[in-house]
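Subject: Structure handover

Hello,

Here is the structure you asked about. Please open it first, then read the notes below.

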Amino acid sequence: MKAQVNEIKEGLQHFHGSETVFQIPLLRTRYTNGLKYLAEAAECFWLITDTSAFAKTLMDKSYFVTIDFKRL
């Protein structure tokens, strides 16, 4: 498990911005190559969907919403 986490972290180091933007059609959420890589490598597409749904509830406060993840 630790080796897989380190491999994913290593892979994420190669992403800085994105020329291609992906979209979840139903939620119209856009995301970058780096997030797509993370979702595929960690098998966590649910993370994009769940955070997108949460962010949509904040759209009346701000047009542009970012969500930062921190280890507690």
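Which residues does UniProt list for "domain: DUF6876"? The UniProt record, an unreviewed entry, lists residues 7-70. UniProt positions are given in the numbering used here, feature names are shortened, and annotations may be inferred rather than shown by experiment.

Some ground rules. This is a predicted model: local features need pLDDT of at least 70, side-chain atom pairs count only at pLDDT 80 or more, and totals for chains, interfaces and linings use all residues. Residues are numbered from 1 along each chain as its sequence is written, and side-chain values use heavy atoms, with hydrogens and water left out.

Overall layout

The chain has three helices and two strands. Both are DSSP runs, numbered from the N terminus: helices are H or I with at least four residues, strands are E with at least two. Reading from the N terminus, the order is α-β-β-α-α. Along the principal axes, the C-alpha atoms fill a box of roughly 40 × 30 × 20 Å. Over residues 7-70, the chain is 42% helix and 9% strand. The end C-alpha atoms of that stretch are 19 Å apart.

How much of the chain is buried? Of the 72 residues, 15% are. Buried means under 20% relative accessible area, exposed means over 50%, and partly exposed is in between (1.4 Å probe, protein chains only).

The largest pocket

This pocket holds about 1500 Å³ of space. A pocket is found on a 1 Å grid over the protein atoms alone: it is an open set of points where a 1.4 Å probe fits, with protein on both sides within 12 Å along at least five of seven lines. Lining residues have an atom within 4 Å of a point. Grid points are joined across faces, edges and corners, and the volume is the space filled by probe spheres set on the points.

The lining has 37 residues. Leu 35, Ile 48, Thr 51, Ile 67 and Phe 69 lie nearest the centre of the pocket. Helix 1 (2-12), strand 2 (29-31), helix 2 (33-41) and helix 3 (45-56) each give two or more residues to the lining. Which element gives the most? Helix 3 does, with seven residues.

By type, the lining has 21 nonpolar, nine polar and seven charged residues. Ala, Val, Leu, Ile, Met, Phe, Trp, Tyr, Cys and Pro count as nonpolar, Asp, Glu, Lys and Arg as charged, and the others, Gly among them, as polar.

Rings and charges

There are two aromatic pairs. Rings of Phe, Tyr and Trp (its six-membered ring) pair if their centres lie within 6.5 Å; planes under 30 degrees apart count as stacked, over 60 as edge-to-face and the rest as tilted. One of the pairs is Phe 15 with Tyr 37. Their ring centres are 5.4 Å apart and their planes are at 35°, so this pair is tilted. Phe 15 lies in the loop between helix 1 and strand 1 (22-24), and Tyr 37 lies in helix 2, so the pair ties together parts that are 22 residues apart in sequence.

Look next at Lys 36. Its charged end sits over the ring of Phe 22, 5.2 Å from the ring centre. The rule: NZ of Lys or CZ of Arg is within 6 Å of the ring centre and within 35 degrees of the ring normal.

Gly 34 is in helix 2. Gly 34 is buried, with a relative accessible area of 11%. Gly 34 and Leu 12 are 22 residues apart in sequence, yet 6.3 Å apart in space, C-alpha to C-alpha.

Arg 28 is in the loop between strand 1 and strand 2. Its phi is near 55°, a positive value in a residue other than glycine. Arg 28 is exposed, at 61% relative accessibility.

Glu 43 lies in the loop between helix 2 and helix 3. Glu 43 is not a glycine, but has a positive phi of about 50°. Glu 43 is exposed, with a relative accessible area of 68%.

Best wishes
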